[in-house]
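These are my notebook entries on one chain, kept in the order in which I looked things up. I begin with a strand and its partners and end with the chain as a whole.

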Amino acid sequence: MAFTRAPGKHRRPSRMQRGTARAAGVAALTTTGVVGSLAAPALAAEPAAAQTGLTPVVTLGDAVADRIDAQAAAQHEAAREAAEAAARKAAEEAAREKAAEEAAKARAEKERAAREAERERLNTFVSPIPGSYVSTSYQAGSSLWSSGSHTGVDFHAASGTPVQSVGIGTVVEAGWGGSYGNQVVIKMNDGTYTQYGHLSSIGVSVGQQVAAGQQIGLSGATGNVTGAHLHFEARTTAEYGSDLDPVAYLRAHGVNL
């Protein structure tokens, strides 16, 4: 007697169909990379796949799913660590660049300060005898001078008082100067000349570089004088007759007299 399936009824998939579907699902996961190197050993650890004909039946258990989750978490952690490392590297590079900029600024400031100090040093002038005063003015008339007038100024000073260069320069004369007695003539850094006469002793030599405030000799009463003092001149050349007003000269260079 033949039996006929009732229409509209659905039979449960056979064991072979279920196994094939499950195997196909695992294959799809493997192809997309979800089940990778970490999942493969798990599959091997699962119970042996049932075989129906040539179609493997694989059971994807909770252990495989856990390993897939662990792999995803590891990948996420690796990505996070890589991002943090990149951020640290960027911060370190920014710090190095900032330090380099600050060092460059510091060097530039130091160089600027050094240049400013050098300019100040080159432009610094002082009185030839600190604390002294002018006892005879420029162009004062008297028969004591061959020109009939004073070509410089006299600074009050007892014999043996230290005399200093009024600025930076080079000694061009150091010795006997006739009516000036023992004298020193210095070519200044700005191209002008200064003369120091009637010295009792000379402490520099021709060609020597001198600085502002450096002692060049001692005041005295050598040459054509009536008493000890310092005769000081400012000139446009090293020679007699090219004199400038010494007080105006010193004041123009910042010396208070």
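How many bridges join β7 to strand β8, and in which sense do the two run? I worked on a predicted model, and I found 5 bridges between β7 and β8 (residues 193-202), with the strands running antiparallel.

Entry on the other partner of β7. I looked up strand β6, residues 169-176, and found that β6 pairs with β7 over 7 bridges, again in the antiparallel sense.

Entry on Val 184. I took this residue of β7 as a reference point and noted Ala 174 standing opposite Val 184. Towards β8, I recorded Tyr 196 as the bridge partner of Val 184.

Entry on the hairpins. Between β6 and β7 I counted 5 residues, and in this hairpin Gly 178 takes a positive phi near 65°. The hairpin of β7 and β8 has 4 residues between its strands, and there I noted a positive phi near 95° for Gly 191.

Entry on burial. I checked how far β7, residues 182-188, is covered: 6 of its 7 residues are buried, so I call the strand mostly covered, with buried taken as under 20% relative accessible area. For the chain of 257 residues, I noted a buried share of 28%.

Entry on the whole chain. I listed 4 helices and 12 strands. Of the contacts with a separation of 6 or more, 59% come from residues 24 or more positions apart.

Key:
Residues are numbered from 1 along each chain as its sequence is written. This is a predicted model: local features need pLDDT of at least 70, side-chain atom pairs count only at pLDDT 80 or more; totals for chains, interfaces and linings use all residues. Side-chain values use heavy atoms; hydrogens and water are left out. Buried means under 20% relative accessible area, exposed over 50%, partly exposed in between (1.4 Å probe, protein chains only). Two strands pair if DSSP finds at least two bridges between them. Contact means heavy atoms within 4.5 Å.
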